Amino acid sequence: MASEFFDLFRQPEWLECERRVIAATGGTCANCGNTAPLRVHHSYYEKDRMPWDYPIASLHALCEACKREAEEHRVELRRQIGLVSYIHSERLLGYAQALEAFDHPETTIHVRSYEHAEGIGDTCGVTAETILRRMVNETVTSALLEEIFEEQRPRRVSELRGGA
Ligand SMILES: [Zn+2]
């Protein structure tokens, strides 16, 4: 079973996928910029899915040290997510989707609940009410999140300086 899994990483589809991911970073580690031999890290796995059949955003060209760290981090993150109650998992989902939207400009998030809106708002330092008031057709786009984030900049700077 395990050897069948590892055999997948010798398939031409995987080798081509790996080549594309590494070429996209110009042959340097996406985390530290190291030019040491790179490997492709999956930020998640799904049962019965081929290793090359993942969104490109979930595949990262990393050096050996960064890949090891990323794998440890993924295990820790998954464990922590498993300890979160259902109601907080809605908030966490909103937070994670909003972070993805900041990384990928064409993202649209369908707002599912108040708690989900809280998580989305957390990335910009605003309340769920702000998200619910500003969303359009119950969705929030990357562009809207960027706009809200920029509006909060003066407030964040004054807080850093200890002002009101
Ligand atoms: Zn690295």
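I looked up threonine 107 and found it partly exposed, because 17 other C-beta atoms lie within 10 Å, which falls between the 12 or fewer of an exposed residue and the 20 or more of a buried one. I note that the model is predicted.

Next I checked where threonine 107 sits: the loop between H4 and strand S3 (108-110). Leaving aside neighbours within four places in sequence, I listed Glu100, Ala101 and Ser142 as its contacts. For serine 142 I took the separation from threonine 107: 35 residues in sequence, 5.5 Å in space, C-alpha to C-alpha.

I then turned to tyrosine 54, which I found in the loop between strand S1 (38-42) and strand S2 (59-63). Tyrosine 54 is partly exposed, with 18 other C-beta atoms within 10 Å. Not counting residues up to four places away in sequence, I have it touching His42, Arg49 and Leu59. From tyrosine 54 to histidine 116 I noted 62 residues in sequence and 25 Å in space, C-alpha to C-alpha.

Last, the helix pair. I found that the axes of H4 (residues 86-103) and H5 (residues 114-122) come within 6 Å and cross at roughly 40°. The crossing of H4 past H5 is right-handed. On the H4 side I recorded contact residues including Ile87, Leu93 and Ala98, and on the H5 side residues including His116, Ala117 and Ile120. Sorted by class, this contact has 7 nonpolar, 4 polar and 5 charged residues.

Definitions and conventions
Residues are numbered from 1 along each chain as its sequence is written. This is a predicted model: local features need pLDDT of at least 70, side-chain atom pairs count only at pLDDT 80 or more; totals for chains, interfaces and linings use all residues. Axes are lines fitted to C-alpha atoms, for helices over the stretch in contact, and angles run from 0 to 180 degrees between N-to-C directions. Helices (H or I, at least four residues) and strands (E, at least two) are DSSP runs, numbered from the N terminus. A crossing is left-handed if the near helix is turned anticlockwise from the far one by less than a right angle, and right-handed if clockwise. Two residues are in contact if their C-beta atoms, placed from the backbone, lie within 7 Å. Ala, Val, Leu, Ile, Met, Phe, Trp, Tyr, Cys and Pro count as nonpolar, Asp, Glu, Lys and Arg as charged, and the others, Gly among them, as polar.
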